[in-house]
Amino acid sequence: MNQSWRTKAACRGLDPQIFYPGEDEDSTPAKTVCGSCSVQQACLEHALGVREKEGVWGGCTERERRRIIRQRRRTA
Ligand code: SF4
C-alpha cells in the first residue's frame with residue numbers, strides 16, 4: 001500500500017499522545033488536527049484497511065471506524 005500520504009500528515013512532529021486518548025478522555029484535540037490535514041481521507045482508509053485498533057486516524061476514533069466498517073459491509 002502506498003504510504004506517501006504520511007509525509008503530508010498534519011500530525012507529524014506532534015505529541016502522539018493526543019491521538020491516543022483514554023476511554024474517558026476527549027478526542028477533540030486530535031480531531032481538530034485531523035480536520036486540517038490534507039491527507040485525512042488516505043489516513044482514514046489506511047486505518048480502515050489495516051483495522052487499526054487504537055487511536056484517532058483520519059479524524060475517527062476506533063468506535064467510529066468500526067461503525068464505518070459495519071456500514072460499508074451492509075451496503076456492499
Ligand atoms: S488525518 Fe489525522 S491522524 Fe491522519 S495523518 Fe492527518 S493528522 Fe495524522
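1. Arg51 sits in the loop between H2 and H3, and Arg51 is exposed, with 10 other C-beta atoms within 10 Å. For the burial labels, 20 or more other C-beta atoms within 10 Å of a residue's own makes it buried, 12 or fewer exposed, and anything in between partly exposed, with C-beta atoms placed from the backbone.

2. Before going on, some housekeeping. This is a predicted model, where local features need pLDDT of at least 70 and side-chain atom pairs count only at pLDDT 80 or more, while totals for chains, interfaces and linings use all residues. Residue numbers run from 1 along each chain as its sequence is written.

3. Now the ligand. The shell around the ligand is made of 13 residues, and the closest are Ala9, Cys11, Cys34, Cys37 and Cys43. To be in that shell, a residue needs its C-beta atom, placed from the backbone, within 6 Å of the molecule. By class there are ten nonpolar residues, three polar and no charged ones. The classes go like this: Ala, Val, Leu, Ile, Met, Phe, Trp, Tyr, Cys and Pro are nonpolar, Asp, Glu, Lys and Arg are charged, and the others, Gly among them, are polar. Helix H1 (28–35) and helix H2 (40–49) each put at least two residues into the shell.

4. Next, the largest nonpolar core. Its nine residues are Ala30, Cys34, Cys37, Cys43, Leu44, Ala47, Val56, Trp57 and Cys60. H2 contributes the most to this core, with three residues. A core here means buried Ala, Val, Leu, Ile, Met, Phe, Trp, Tyr and Cys residues joined through C-beta atoms within 7 Å. Ala30 is in contact with Ile18, Phe19, Pro21 and Val56, once neighbours within four places in sequence are left aside; contact means C-beta atoms, placed from the backbone, within 7 Å.

5. Which residues of H2 are buried? They are Cys43, Leu44 and Ala47. Viewed down the axis of H2, these buried residues fall within an arc of 100 degrees, so they line one face of the helix; the arc is that of the directions from the helix axis to the C-beta atoms. The buried residues of H2 pack against helix H3 (62–75). On the face turned away from the buried side, H2 carries the exposed residues Gln41 and Gly49.

6. Ala47 is buried, with 20 other C-beta atoms within 10 Å. Not counting residues up to four places away in sequence, Ala47 touches Glu52, Trp57, Gly58 and Arg65. Ala47 and Cys37 are ten residues apart in sequence, and their C-alpha atoms are 15 Å apart.

7. H3 has 14 residues and spans 20 Å from its first C-alpha to its last, close to the 20 Å expected at 1.5 Å a residue; the expected span is 1.5 Å times one less than the number of residues. Of those 14 residues of H3, the number buried is one, so H3 lies largely in the open.

8. Finally, the segment before H1 holds Gln3. With 8 C-beta neighbours inside 10 Å, Gln3 counts as exposed. Gln3 and Gln41 are 38 residues apart along the chain, with 13 Å between their C-alpha atoms.

Conventions: Helices (H or I, at least four residues) and strands (E, at least two) are DSSP runs, numbered from the N terminus. Two residues are in contact if their C-beta atoms, placed from the backbone, lie within 7 Å.
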